[in-house]
Amino acid sequence: MDGIDGVVKGVVYVFGFAATGWSLMKFVLSVPLRVSDTSVEEKDMEVVLKVRSDGPELQIFLREVKEQTDLTLRVKSDSSLLHDADDPTNPATYVLAGAVSPVVYQKLAESCGLRKRTTKGKWVHVDEANHKEFLDESVPLDADADAAAAASSGVIPFTSGEKIDLILYQLSQVRVLLHPSESSTVLANGDLLFQKLQEKRVILSSFALHNAAERKALMETWVKHLVPFAKAPIHDIRDYCGVEVGFYVAFLEHYTRWLVYPAVVGALVYLYQLQYGLHNFATAFYALSVTTWAAAFVEAWKRRESELAWLWGRPLAEDEDGVVVERLGFEGPDEYDDVDGVRYKKFTDGDRFKRYAVTIPVLGGTIASIVLLMLGYFQFEAAVRAAVTPANGFDGLWAYVPMVPSVVYSAAVFFIDAKYVQLAHRLNAYENHRTDADHTNALIVKLVLFQFVNNFGLLFYITFFVGNFELLQSTLGSLLITRLLIENIVETLIPFVMSKSAVKAKAGLAEQQNNASLTQEPSVKEVAVVNKVDVEALLPEYEGTFFDYLELFLQFGQITLFASAYPLASVCSLLNNLIEIKSDGFKILMAHQRCHRDHPDGIGTWVHAFTLLGYVAVATNVTIVGFNSGVLQRLYPGISPFYTLVAVVVVEHLIVSIMVGIAAVVPDVPQHVAERAVARKKAQRDAEFDQRSARLQSAAVGHKAFFDEATVDETEMGRLETDEAAGTTTIATDKWRKWVVEEKIRRRVLEKEISTMNAIYTAWIDAEKDKARRLQAELDALTTKKTA
């Protein structure tokens with residue numbers, strides 16, 4: 001590609017970059033609707049559940065949550081906006097969940113060991129002994145009157161995200177307890193109520209409500225903060241949006257910062273290419289340095305990921321017994337496990353292999369179709385380039401006509417990507433994976449394999465079969481710039497131009513009807529006032545970070561796989577990511593419902609995908625440098641293809657060895673994190689040892705035990721005392737005290753029943769003895785009579 005061609009593409013990209021940036025700023029500054037203040041009905045509510053109302057399950061859910069928890073549930077009043085959105089054949093009711101008293105959240109945090117920052121910024125688990133470490137906490141996201149009042153009263157203040165986590169944790173612990181007169185085709189005694197209602201589609205959907213103060217603070221510190229390379233408030237993002245989004249933003253920020261190095265070198269190499277041509281030592285140096293950079297980047301992220309995973313802790317509802325948590329949507333006949341005593345859905349590996357026999361051929365046929373399309377495109381582009389030449393009268397602007405096929409192919413690739421995503425989701429659902437991790441990993445394999453062929457197949461063909469370095473450079477530049485522009489337009493520009501969400505359409509229609517009924521003049525415009533729950537219920541659901549990671553994966557491949565062909569790829573990606581951080585923040589905070597509170601341990605399988613791509617990049621770049629760049633031929637003019645191949649293999653093995661050495665020498669877990677992990681594990685072991693010792697001492701007492709009625713009745717609430725001489729233990733909390741009282745009642749009832757059963761058994765024995773004596777007497781009489 002000559003210099004003018006590169007300048008044209010740069011101008012196009014800058015124009016697209018400016019357009020998307022302008023639209024984003026318009027988004028930030030615009031206020032499409034006026035949302036009413038929090039009503040009495042919505043006060044203290046954090047979670048909204050959409051529940052089917054055509055069965056008894058709704059009333060059972062409301063009753064059991066009320067009886068088994070301290071949460072507050074409110075059935076939302078009817079709304080015309082939400083009523084129109086519902087399916088008439090499937091009526092639904094919106095239920096608001098929250099807690100009126102902040103003490104409820106504090107007790108829940110203690111019971112589940114919530115991971116929270118102290119006033120000094122240290123992350124610890126909440127328990128009864130460390131309340132003072134959280135009091136008077138000056139966190140900007142929670143600096144409101146209620147939090148200040150709670151802190152002054154000695155109650156730990158919690159952010160809205162922490163409250164949502166605690167509410168969902170408490171709902172996940174509720175069990176089904178049906179009354180003798182109740183019956184349900186969905187629920188059975190002992191089932192986990194919340195999970196079962198989600199599985200049976202009684203709870204159709206759920207989402208958390210946005211917090212206006214916290215969202216505004218994040219908009220100021222994240223989206224509107226226009227200082228380049230400023231650190232995003234990762235911990236605040238994690239608190240508000242959840243751990244999944246927290247890890248994604250941390251990865252995007254880490255990736256963008258590391259892009260500075262190849263971007264600076266790439267820009268210098270590109271300027272050097274404009275002056276001295278494509279085939280030079282600078283091109284080879286850049287290609288080999290990018291492969292080493294990729295390995296270092298992945299290793300640095302692993303360390304950052306482990307540090308964040310340590311700080312943020314594990315999910316509250318994580319199963320500690322190793323029981324597999326089935327994915328919502330997993331299907332199979334119910335079976336009963338006699339060993340574990342639980343019911344599970346049976347779906348064997350053989351059943352899944354039968355489904356693989358369907359999905360794998362479909363995927364293979366789809367990828368084969370893409371390969372045929374790629375080959376057909378290449379033949380078409382070659383014909384256009386042969387026909388459109390200055391010798392045939394095509395000069396001036398006509399000289400850029402050969403670029404049109406590559407731009408059209410880039411747009412076609414983007415369109416095929418979108419259609420294949422729908423197919424991949426259907427095939428993945430058909431395979432019926434048991435866990436969320438298996439489901440996600442299978443989807444990653446399907447999409448990454450396809451995207452690799454769809455986005456890089458043509459480039460590999462040009463590199464290894466055509467051997468045209470100039471064509472590779474031109475095609476890669478067109479693919480990269482077209483994809484970045486389309487992605488930015490789809491994420492920012494199109495929503496701004498359309499500017500008609502479901503909320504604005506419905507609210508605007510209602511406002512027009514009100515104006516018409518009041519015979520208001522058309523020139524007078526009123527701002528539609530919409531209820532907060534109505535607004536957020538009609539917002540689109542945030543689909544998660546999967547496709548955001550996929551976008552970065554493709555971008556990473558375009559930078560590393562063919563680094564020498566287009567050094568400006570890292571520069572364009574850096575500019576794109578700087579605005580991507582802001583546009584993703586606006587998309588998550590303002591344009592969607594609040595994110596689901598998923599709690600992964602990191603970015604999961606994606607780190608392996610990026611690692612593998614780095615190793616593939618070594619082979620492609622070394623091959624390009626050896627066979628296509630002309631550098632090796634300049635050093636050794638008479639070198640044969642065989643020795644060129646030998647040189648390529650040697651250099652490739654050398655770079656791979658360096659990458660493996662980096663991975664082996666650099667630990668994935670920083671030293672300070674490893675030391676704290678060991679200290680935490682030792683503290684847990686000591687605590688468990690103390691608990692077991694106390695239980696053994698209590699068990700050795702014998703009949704003077706834990707439930708000494710006199711001791712329990714005389715105890716002050718809120719204290720825990722053990723009298724080793726008497727062998728008694730005082731119960732500390734209200735919850736345990738209530739449980740002890742219930743156990744004493746059950747014991748007395750059982751004793752009475754045993755006494756009654758003993759009396760009945762004794763009477764039966766006496767009756768049997770009398771019957772035996774009478775029969776023996778009659779037998780003796782018959783024997784005497786017969787002998788006489």
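Reader: Let's start with helix packing. At what angle do helix H8 and helix H9 pack, and how far apart are their axes?
Author: This is a predicted model, and in it H8 (residues 212-223) and H9 (residues 234-241) pack at an angle of about 145°, with 11 Å between their axes. The crossing of H8 past H9 is left-handed.

Reader: Which residues make the contact there?
Author: H8 contributes Glu214, Arg215, Leu218 and Trp222, and H9 contributes Asp236, Ile237 and Tyr240. Sorted by class, the contact of H8 with H9 has four nonpolar and three charged residues, and no polar ones.

Reader: Is H9 itself buried or exposed?
Author: Seven of the eight residues of H9 are buried, so the helix is largely enclosed by the rest of the structure. The buried ones are Ile234, Asp236, Ile237, Arg238, Asp239, Tyr240 and Cys241.

Reader: And what follows H9 in the chain?
Author: That is Gly242, which has a positive phi, near 105°.

Reader: Nice. Switching to charges: how many salt bridges does the structure hold?
Author: There are 16 salt bridges. As a general point, side chains of opposite charge can pair when their charged atoms come close.

Reader: Which residues are joined into a network by salt bridges that share partners?
Author: Arg117, Asp236, Arg238 and Asp239 are joined into one network that way. Asp236, Arg238 and Asp239 are among the buried residues of H9.

Reader: What does Lys76 pair with?
Author: Lys76 forms a salt bridge with Asp534, and their closest N and O atoms are 3.1 Å apart. This pair links distant parts of the chain, 458 residues apart: Lys76 is in the loop between strand E3 (72-75) and helix H3 (80-85), while Asp534 is in helix H18 (residues 532-538). Lys76 is buried, at a relative accessible area of 10%, and Asp534 is buried as well, at 7%.

Reader: What about Glu64, what is its partner?
Author: Glu64 forms a salt bridge with Arg63, with 2.7 Å between the closest N and O atoms. Glu64 has a relative accessible area of 1%, so it is buried. Arg63 counts as buried too, with 17% relative accessibility.

Reader: And where do Glu299 and Lys302 sit relative to each other?
Author: Both are in helix H12 (residues 281-312), and because they are three residues apart there, about one helical turn separates them. Glu299 counts as buried, at 7% relative accessibility.

Reader: Zooming out, what is the secondary structure of the protein, and how much is buried?
Author: The protein has 26 helices and twelve strands. Of its 788 residues, 42% count as buried. Among contacts with a separation of 6 or more, 76% are between residues 24 or more positions apart.

Reader: Last one: which elements have the lowest and highest mean pLDDT?
Author: Helix H25 (residues 709-714) has the lowest, at 42, and helix H10 (residues 243-258) has the highest, at 93. Across the protein the average pLDDT is 76, and 73% of the residues score at least 70. For residues 495-502, pLDDT stays under 50, and the model has nine contacts beyond four places in sequence for that stretch.

How values were computed
Residues numbered from 1 in each chain as written. Predicted model: local features only at pLDDT ≥ 70, side-chain atom pairs only at ≥ 80, totals over all residues. Heavy atoms only, no water. Axes fitted to C-alpha atoms, helices over the stretch in contact; angles between N-to-C directions. Helix = DSSP H or I, 4+ residues; strand = E, 2+ residues; numbered from the N terminus. Left-handed = near helix turned anticlockwise from the far one by under 90°. Contact = heavy atoms within 4.5 Å. Nonpolar A, V, L, I, M, F, W, Y, C, P; charged D, E, K, R; others polar. Salt bridge = Lys/Arg side-chain N within 4 Å of Asp/Glu carboxyl O. Buried < 20%, exposed > 50% of the residue type's maximum accessible area, 1.4 Å probe, protein only. pLDDT = per-residue confidence, 0-100.
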